[in-house]
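A request to the reader: please examine the sequence and the model below before turning to the questions.

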Amino acid sequence: MTSSPPSPSPSPSPLQPSQLSQSPSQPSAVTMDHVLSALNETVEERETRIRSLFTFFDSTNAGYLDSKQIETGLSALQIPADYKYAKELLRVCDCDKDGRVEYHEFRRYMDDKELELYRIFQDIDVQHNGSILPEELYDALLKAGIELDDDELASFVERMDKDNDGIITFEEWRDFLLLYPHEATIVNIYQYWERVSLVDIGEQAVIPAGISKHVHASKYLIAGGVAGAASRTATAPLDRLKVALQVQTTRAAIGPAVKNIWKEGGIVSFFRGNGLNVVKVAPESAIKFYTYELLKDFIGGGDKDDIGTSGRLLAGGMAGAVAQTAIYPMDLVKTRLQTYVCEVGKVPSLGKLSKDIWVQEGPRAFYKGIIPSLLGIVPYAGIDLAVYEKLKEMSKTYICVDSGMTPHSFLFLICTCQNLILKLGVLCCRAWSSSAIGLWDDFRGSWSHLCVPVASCQDKDASTSA
């Protein structure tokens, strides 16, 4: 038998209560006493409320919650099933990873969540009068880059304001967000409201996870571009040296290579080609991440959060290949510029070098060496994005040890991929900087060198396991 749901209404977050800065007048440490005072509850009343909510989900009186029970309960509370909040809530609550949530795990989640929600509530409530005014909510959203019109703001407040008094109390705030299984940042809360509102009016939610029509993507793109430009510029001398060493067909040493670069034009020579490096940062990242999100949707059939590690590897690898293909001509021109043999310190302009390649070698020359480049970027981008997603996922859960690959097996995988990608990078640079004659010989030589570190890594793994 299903009883009517207790006071808490839809939504929760993981368990990272360090997300918003404390205001000057706010205590440095939030305790459960603050939460009880804000809710005007006693310890016994709170315990009864949490137990009642657990019983509401545990409709079969099994004494624990599984994914089906959580999904049924969230559906009854009109929490959008399309975004798999049930699976996320189970994952966040299930500390011992046995596939079900005991009451003590549920209670621990409630403690952490209410403390987290109180912190962000206090941060938004700048007047510290125990309630969030519409203008305070508007200011908090605006600071996060989300600008709402009057109707949208009124709808946002109305969705939480159960007594229709025009303000949001902490109890109303808690009830709306208590079962939201992600981190309760202002951006996440806004996106959650968007999806719940779409469900309320019977529409299909078409806004991808992590993307909102009011969160301007250009801000993230600009921020990422500036950060990328700064990092590329800071490491430009190392990149220049790396390329100089990679194109050497004889045994190369760092010292002589540095001297040769310096002779070509002093300190400026170490930054040759950095302009193109900076220019391609933003479009490369934008194409890669946008394609990654689209492919996750396609592979998961609309459920991008449930495609598994293999799906993320595939989506990441394909996204990396698309991005690499799009910016490949810039990479080629940059490498040609960096490996150009100077005459009395004169280096051709970017336009002249590009024109010479077009006229003398044809348009296909801009994609010379793309095959080994793609062979390198697919595993690199796949692992890069898959590991990023996994770490992000792990950061949202309680600290629990989960069995998986042994450290040494993972080390072997890293060694293999790192060495293979490095060798493919060498082949690309040689193809870019020359006519690619003897590329197969280069590959065979590089492959023989690759086998040494990989074999040693594998031997280490085997010996340690023994």
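**Burial, salt bridges and backbone**

Q: Does D239 count as buried or exposed?
A: The classes rest on relative accessible area: under 20% is buried, over 50% exposed and in between partly exposed (1.4 Å probe, protein chains only). D239 has a relative accessibility of 15%, so it counts as buried.

Q: What pLDDT do local features need in this predicted model?
A: Residues are numbered from 1 along each chain as its sequence is written, and side-chain values use heavy atoms, with hydrogens and water left out. In this predicted model, totals for chains, interfaces and linings use all residues, side-chain atom pairs count only at pLDDT 80 or more, and local features need a pLDDT of at least 70.

Q: Which residue forms a salt bridge with D239?
A: A salt bridge is a side-chain nitrogen of Lys or Arg within 4 Å of a carboxyl oxygen of Asp or Glu. Helices (H or I, at least four residues) and strands (E, at least two) are DSSP runs numbered from the N terminus. K242 is partly exposed at 40% relative accessibility; the closest N and O atoms are 3.5 Å apart in the salt bridge of D239 with K242.

Q: How many salt bridges does the structure hold, and which residues are linked with E41 in a network?
A: E41 and R49 are both buried, and their salt bridge has its closest N and O atoms 2.8 Å apart. R107 and D111, 4 residues apart in helix α5 and thus about one helical turn from each other, form another, at 3.2 Å. The structure holds 17 salt bridges, and the network links E41 with R46, E47, R49, R107, D111 and E114.

Q: At what angle do the axes of α2 and α5 cross?
A: Axes are lines fitted to C-alpha atoms, for helices over the stretch in contact, with angles from 0 to 180 degrees between N-to-C directions. Contact means heavy atoms within 4.5 Å, and the residues of α2 that meet α5 include R46, I50 and F54. Angles under 35 degrees count as roughly parallel, over 145 as roughly antiparallel, 65 to 115 as roughly perpendicular and the rest as oblique, so α2 and α5 are oblique. The axes of α2 (residues 43-57) and α5 come within 11 Å and cross at roughly 120°.

Q: How many disulfides does the structure hold?
A: A disulfide is a pair of cysteine sulfur atoms within 2.5 Å. The closest cysteine sulfur to that of C93 is in C95, 7.9 Å away and therefore too far for a bond. C93 is buried at 2% relative accessibility, and C95 is buried at 12%. The number of disulfides is 0.

Q: What is the phi of N61?
A: Most residues other than glycine have a negative phi. N61 lies in the loop between α2 and β1 (64-65) and is exposed, with 64% relative accessibility. Although N61 is not a glycine, its phi is positive, at about 55°.

Q: Which residues does G130 contact, leaving aside neighbours within four places in sequence?
A: G130 lies in the loop between α5 (103-124) and β3 (131-132), partly exposed at a relative accessible area of 42%. Its C-alpha atom is 9.7 Å from that of L39, 91 residues apart along the chain. Leaving aside those neighbours, G130 is in contact with F121, D125, T169 and F170.
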